[in-house]
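Subject: Structure handover

Hello,

Please find the structure below. My notes on the fold, the sheet, the pockets and the cavity follow it.

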Amino acid sequence: MGRGHFITLEGGEGAGKSTQVKRLAAALSARGIEVVQTREPGGTPGAEDIRTLLVTGDLGRWDAMTETLLHYAARRAHVEKTVKPALARGIWVISDRFADSTMAYQGYAGSVGREAVAALHKLVLGDFAPDLTLVLDLPVETGLARAKARMTGTGQAPGQIEDRYERMGLAFHESLRAAFHEIARREPERCRLIDADGNPDQVAAALWQAVATRFNLPA
Ligand code: TMP
C-alpha cells in the first residue's frame with residue numbers, strides 16, 4: 001500500500017476552512033479514499049489542550065516567541081501521533097491549518113520573523129511538508145464578519161471563547177492576507193490560491209478541481 005497524501009487548508013479568519021475540510025473529506029471518501037480530518041492547533045488530546053492556551057484569553061497573554069513555541073509543540077505532537085501514522089497506513093490526512101499558519105500569523109504578520117519560524121520548523125519537523133496546500137483567500141472585512149457571526153451564540157463563557165486571534169486589529173489581518181499570498185507565490189508547486197469569496201458550493205468546486213488535478217482523480 002502506498003503512503004497517503006497530506007492536504008492542508010490555510011487562510012485568514014472566516015474563510016470557511018472547517019466547512020471545506022468536511023466537504024473535501026466527503027468527496028474523497030465517496031471515491032473510496034480513506035481520510036482523516038484534523039486541525040491545528042490541535043489534532044491530538046495534548047495538542048488540543050495547548051490549543052486552549054493559544055486561542056482563548058488576553059491578547060497579550062504570550063510573548064510572540066512563547067506563542068510560536070506553543071504552536072510548534074502542538075504541531076510536533078500532531079505530526080508524530082496523528083499525521084505520520086495515518087499517512088504510513090495509506091490514509092489521506094486533511095488538516096484545517098498547518099505550518100503556513102505559523103509562518104503567516106507569527107512570522108510575517110507577528111513579530112517573530114520569517115527566518116526564526118523557518119529555523120524552528122527545520123528543527124522540529126525537518127523537511128516534513130504537505131503534498132498540497134489550499135490557501136482560501138477572501139477580503140479581510142468579509143472574513144472577520146463571518147468569524148464574528150460564527151462566534152455569537154456558541155454558548156461559550158467569556159474567557160473560553162476561541163477569538164483571541166480574531167480580536168487582533170484590521171492591520172494585522174491585512175498583513176496576514178498578504179502573507180498567505182506571498183507564501184502561495186513562493187511555493188507554486190505545493191500551494192494553490194483559492195477564491196473563497198463565493199458560496200460554499202462554489203468554493204468546494206474550486207477546491208475539488210485543485211485536488212483532482214494534483215492527484216489525478218476522476219472529476
Ligand atoms: P482556527 O480559528 O482556524 O481554528 O485557528 C485558531 C487560531 O489560531 C486562528 O486564529 C489562527 C491561529 N494560529 C496561529 O496563529 N498560528 C498557527 O500556527 C496556527 C495553526 C493557528
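Helices (H or I, at least four residues) and strands (E, at least two) are DSSP runs, numbered from the N terminus. By that rule the protein has eight helices and five strands. Their order along the sequence is β-α-β-α-α-β-α-α-β-α-α-β-α.

This is a predicted model, in which local features need pLDDT of at least 70, side-chain atom pairs count only at pLDDT 80 or more, and totals for chains, interfaces and linings use all residues. Residues are numbered from 1 along each chain as its sequence is written, and side-chain values use heavy atoms, with hydrogens and water left out.

Overall size

The C-alpha trace spans about 45 × 40 × 35 Å along its principal axes. The radius of gyration is taken over C-alpha atoms, and the globule rule is 2.2 Å times the number of residues to the power 0.38. A compact globule of 219 residues would come out near 17 Å, and the protein has 17 Å, so the two agree.

The sheet

Two strands count as paired if DSSP finds at least two bridges between them. The five strands form an open sheet in the order S2-S3-S1-S4-S5, with parallel pairing. S2 and strand S5 (191-195) are at the edges with a single partner strand each, so one side of each has no neighbour in the sheet. From one strand to the next the twist averages 20 degrees. Angles run from 0 to 180 degrees between N-to-C directions, with axes being lines fitted to C-alpha atoms, for helices over the stretch in contact.

Strand S4 (residues 132-137) pairs with S5 over five bridges, in the parallel sense. Asp137 is opposite Asp195 in S5. H8 lies across strand S1 (6-11), strand S3 (92-96), S4 and S5, and runs at about 160 degrees to S4; contact here means heavy atoms within 4.5 Å.

Pockets and cavity

On a 1 Å grid over the protein atoms alone, a cavity is a set of points where a 1.4 Å probe fits but cannot get out, and a pocket is an open set with protein on both sides within 12 Å along at least five of seven lines; lining residues have an atom within 4 Å of a point. Grid points are joined across faces, edges and corners, and a volume is the space filled by probe spheres set on the points.

The largest pocket has a volume of about 910 Å³. Of its 41 lining residues, Lys17, Ser18, Arg51, Asp96 and Arg150 lie nearest the centre. H1 gives the largest share of this lining, six residues. The lining of the largest pocket holds twelve nonpolar, 16 polar and 13 charged residues. Here Ala, Val, Leu, Ile, Met, Phe, Trp, Tyr, Cys and Pro count as nonpolar, Asp, Glu, Lys and Arg as charged, and the others, Gly among them, as polar.

The second largest pocket has a volume of about 490 Å³. It is lined by 21 residues, and Asp100, Met103, Ala118, Glu187 and Arg190 are the closest to its centre. H5 supplies the largest share of that lining, six residues. The lining of the second largest pocket has eleven nonpolar, two polar and eight charged residues.

H7 gives the largest share of the cavity lining, five residues.

Regards
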